[in-house]
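Let's take a walk through this protein model together. Have a look at the sequence and the structure first, and then read on.

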Amino acid sequence: MSSARVDYIAPWWTYWLHNFPHINLRFQPIDNSFQPEEENYQQSLIFLACLAAAGLGLNLLCLAIYLSCLCCCHKDEEEESKKPNSCCVTWSAVTAGLITCIAVGVGFYGNSETNDGVYQLTYSLYNANHTLGGVDSLVTGTMGSMKSGLHQHLARLDEIFATRGDYVQTLQFMQQMADNVIKQLLGLPDWEEAKVDLASIADQTARVEYYRWLTYLLILIMDLIICLLACLGLAKQSRWLLTTMMVFGVLTLVLSWTSLGADLASAVGTSDFCVSPDKFLLSQTKGVIGTDIVHYYLYCNQTLSNPFQQPLTIFQRSLTTMQIQIHGLLQFAVPLFPTAERDLLGIQHVLNSSEASLHQLTALLDCRGLNKDYLDAMVGVCYDGVEGVLYLCLFSSLASCAFTVMLCAIPRAWRHIACRERDYDDINEEDPFNPRARRIVAQNPNLTNMHSFCSYSSSMGSQTSIHPPAPTVSNAPMSENMNQAALFGGNPRYENVPLIGRGSPPPSYSPSMRATYLSMTEEQIRHFGNDFQA
């Protein structure tokens with residue numbers, strides 16, 4: 001059957017997906033024909049989704065084993081080993097970021113392609129529903145006018161022409177023609193008996209597609225934001241941000257595998273339909289619409305005869321005969337029965353409207369309109385739709401790989417940051433040359449100002465150390481203080497002057513000097529500084 005098709009050819013990826021093994025939940029192989037109402041076929045699609053769930057479980061298990069090994073491993077990181085670890089974390093983050101960007105690009109393209117295919121499907125369904133609705137409306141209207149309007153006019157004319165037997169026989173002949181027209185209209189297929197409302201199907205499909213498109217759009221944006229924030233946490237070495245992104249990374253990993261299972265099941269099921277759509281449609285319309293009519297619309301080639309040709313021809317001939325009879329009555333009976341003119345003109349109007357409906361009905365019943373809608377729907381579903389779903393499967397796979405790499409890199413980065421902070425904490429905070437102590441003093445200006453003993457410059461290599469001043473407060477005159485300033489080089493400096501650019505390294509001091517300095521009260525230190533400023 002499918003070999004006779006010349007207009008529609010299923011794409012190669014639908015055959016590839018159609019050949020996927022179809023196994024039910026009892027691990028029994030089943031037929032891969034599209035049978036959505038069969039329980040075994042439904043289980044085969046669920047089995048594909050379960051494969052993605054198994055992949056998710058295996059992925060999480062591998063991550064758990066990796067994290068357990070990372071936590072249980074307590075190697076001492078030497079200075080030489082820190083650079084390779086940091087480089088490994090950096091390249092892992094770069095790799096995860098690149099894969100995420102590629103995955104997001106593929107996801108946006110696949111989401112757009114799927115949306116275009118579904119839109120083409122709904123558009124074709126609306127057009128087909130409009131065509132079938134127009135056929136039903138024309139048939140119903142024509143039958144109503146023949147049964148009610150034409151019958152009333154003929155009944156009144158029968159009373160008027162009661163004295164003329166030949167005119168009465170003409171009216172009876174016209175009644176027989178009208179009944180024949182009604183009989184031919186009743187022979188046309190009643191699309192409503194198929195119990196398929198294409199408009200409602202299109203509405204539901206469009207609604208589901210909108211929420212699907214919006215969900216994937218949010219997932220794509222979330223993946224990109226999580227990747228960017230994770231890279232920012234690595235750059236800023238923010239442990240809380242990395243921990244938060246790790247939690248969201250696990251959530252995104254679960255969503256990626258879930259979407260992969262749903263997309264894979266949808267792609268395989270749709271491909272089963274796309275490989276042989278005629279077979280499914282014939283099975284759905286069996287007993288409701290004739291097989292010859294379904295073939296006429298599905299194939300629409302010159303070798304098939306129009307199944308509506310005979311009833312439409314009889315309809316046309318009956319209308320032509322009735323118009324000839326009415327034209328004769330208007331010409332010969334009206335001069336004898338003037339009161340019959342109104343009913344004869346009424347019958348002529350009914351016949352003219354019925355003829356117009358006949359032309360519209362002939363155009364709507366032609367196979368080219370519905371066949372075009374059918375082909376457009378198949379191209380939208382099987383080409384754009386399935387192709388877009390395959391790109392979404394690729395997006396889910398790439399996203400799961402990217403976030404797996406990211407979840408492996410974040411704990412190592414977190415541990416590297418912790419090691420650096422631990423090594424930083426080993427520095428003596430009481431050391432006045434400790435940069436951390438300087439930051440603490442700068443952030444807390446209310447703390448005691450501890451002036452360094454190396455705040456005075458010395459000549460190049462001539463002075464290596466400076467003895468601390470006596471703990472007592474100096475009461476010497478101004479000249480004595482000036483002499484003391486000259487003794488230390490004549491150019492006093494204070495701790496807020498940077499050490500960069502000195503001619504010699506800062507002088508060392510003994511523990512006794514530190515004890516003497518720390519034993520000074522805050523008032524003595526302030527007074528000592530004021531003396532040097534003076």
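In this predicted model, the axes of helix H4 (residues 165–186) and helix H9 (residues 309–332) come within 9 Å and cross at roughly 160 degrees. Angles over 145 degrees count as roughly antiparallel, so H4 and H9 are roughly antiparallel to each other. Their crossing is left-handed.

Which residues make this contact? On the H4 side they include Tyr167, Leu171, Phe173 and Met177, and on the H9 side they include Pro311, Phe315, Met322 and Phe332. Sorted by class, the contact of H4 with H9 looks like this:

| Class | Residues in the H4–H9 contact |
|---|---|
| Nonpolar | 15 residues |
| Polar | six residues |
| Charged | no residues |

Now for the nonpolar core. The largest one has 101 residues, and Phe161 and Leu361 are those with the most contacts inside it. Helix H11 (residues 367–425) gives this core its largest share, 19 residues.

What does phenylalanine 161 touch? Leaving aside residues up to four places away in sequence, its partners are Tyr167, Val168, Leu171, Ala333, Phe337 and Ala340.

Finally, find isoleucine 221 in helix H5 (residues 198–236). Is isoleucine 221 buried, exposed or partly exposed? Its relative accessibility is 39%, so isoleucine 221 counts as partly exposed. Along the chain, isoleucine 221 and phenylalanine 108 are 113 residues apart, yet their C-alpha atoms are separated by 9.8 Å.

Technical notes:
Residues are numbered from 1 along each chain as its sequence is written. This is a predicted model: local features need pLDDT of at least 70, side-chain atom pairs count only at pLDDT 80 or more; totals for chains, interfaces and linings use all residues. Side-chain values use heavy atoms; hydrogens and water are left out. Axes are lines fitted to C-alpha atoms, for helices over the stretch in contact, and angles run from 0 to 180 degrees between N-to-C directions. Helices (H or I, at least four residues) and strands (E, at least two) are DSSP runs, numbered from the N terminus. Angles under 35 degrees count as roughly parallel, over 145 as roughly antiparallel, 65 to 115 as roughly perpendicular and the rest as oblique. A crossing is left-handed if the near helix is turned anticlockwise from the far one by less than a right angle, and right-handed if clockwise. Contact means heavy atoms within 4.5 Å. Ala, Val, Leu, Ile, Met, Phe, Trp, Tyr, Cys and Pro count as nonpolar, Asp, Glu, Lys and Arg as charged, and the others, Gly among them, as polar. Buried means under 20% relative accessible area, exposed over 50%, partly exposed in between (1.4 Å probe, protein chains only). A nonpolar core is a set of buried Ala, Val, Leu, Ile, Met, Phe, Trp, Tyr and Cys residues joined through side-chain atoms within 4.5 Å.
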